[in-house]
Amino acid sequence: MLNSIRLYYFDVTQGNKTGIKVLANRFGLKKALTLGMKLQWQMLVASPFRSLNAAHKPDRNQKLSQRQMAPVIILYQDFQEMGLSRDESLEVLRELISEVATGFLKFNIPTIKKSEYSAIPQTEKLQLLRRLTGRFFNAEADLTLDKSDNFTFSVHHCHFASYCKTLNLPELAPLFCAADKQFFDDYQDDIVFFRTRTLANGDSHCDFRFTWQSDAD
C-alpha cells in the first residue's frame with residue numbers, strides 16, 4: 001500500500017511535470033500537452049498489459065511496475081506514428097526515463113552518509129537496507145551485507161525486463177536501467193555504485209554492488 005501511495009504522490013507532484021517538461025523541450029509545449037492528454041486517455045482505454053492481465057491477474061508489484069512502464073510503451077508507439085524513427089523514439093524515451101526515474105529515485109531514497117550509517121548497529125543496517133530496497137517493487141532480489149559495510153543487491157527477476165521481453169519490446173528494457181548509475185553518481189556522494197550484469201541485457205541477474213567512496217579510492 002505504501003508503495004502505491006508513494007508512486008501516486010510522485011506522479012502527481014513531480015513525475016508528470018518532469019515528463020511534460022522533457023516533451024516540451026523536444027516538441028514544444030503545445031505538442032507536449034497534446035501528447036500528455038492523449039497518453040492519459042490511452043492508458044485508460046488501451047493498456048499495453050490488458051491481454052496479459054486478462055490471462056493472469058497481476059499482483060500489487062506487477063501492477064505498480066505496469067503503471068511505470070505503460071507510458072513508455074505507449075509513447076514509443078506514438079512517437080513512431082508521429083514520424084520519428086525507431087532510434088529517434090528511443091533517444092527521446094531515454095531522456096524522458098532518465099529524468100523521471102532519477103527524480104523518482106531522489107524522491108524514494110534518502111541521501112545516505114557513511115558517518116551516519118556506520119553508527120547504526122549491524123542488525124539495524126540490514127533492516128534499513130531492506131526497507132529501502134523494498135521500495136523497488138519491480139525487483140525480486142537477494143540482499144547481502146559484508147563486514148566492511150559494503151552491500152550487494154542481486155536481482156534475479158525484474159518486472160521491467162520481463163514485461164519488455166513478453167511484449168516483444170526488448171529494446172526498451174535497458175532504458176529502465178539507465179537512471180541507476182546517474183542517481184548514485186550525482187546524488188549519493190558517499191556511495192560508489194557498480195553493476196556489470198543486467199537482466200535487461202540478457203544476463204542471469206543484475207549484480208548491483210555498493211561500496212563507500214573512501215574504500216573505492
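Strands β2 and β4 (residues 206-212) run antiparallel and are joined by five bridges; strands here are DSSP runs of E with at least two residues, helices are runs of H or I with at least four, and both are numbered from the N terminus. Two strands count as paired if DSSP finds at least two bridges between them. Within this pair, Thr 152 stands opposite Arg 209 in β4. The model is predicted, so local features need pLDDT of at least 70 and side-chain atom pairs count only at pLDDT 80 or more, while totals for chains, interfaces and linings use all residues. Residues are numbered from 1 along each chain as its sequence is written, and side-chain values use heavy atoms, with hydrogens and water left out.

On β2 (residues 151-158), seven bridges also connect to β1 (residues 139-145), again in an antiparallel arrangement. Leu 145 stands opposite Phe 151 in β2. The hairpin of β1 and β2 has five residues between the strands, and Asp 149 there takes a positive phi near 70°.

The cysteines may be considered next. A disulfide is a pair of cysteine sulfur atoms within 2.5 Å, and a search of the whole structure finds zero of them. Cys 177 is in no disulfide, the nearest cysteine sulfur being that of Cys 206, 5.8 Å away; this distance is too far for a bond. Cys 177 is buried, with a relative accessible area of 16%, and Cys 206 is buried at 7%. Buried means under 20% relative accessible area, exposed over 50%, and partly exposed in between (1.4 Å probe, protein chains only).

Finally, helix α4 (residues 60-81) has 22 residues. Following α4 is Gly 83, whose phi is positive, near 110°.

Technical notes
Expected span 1.5 Å × (residues − 1).
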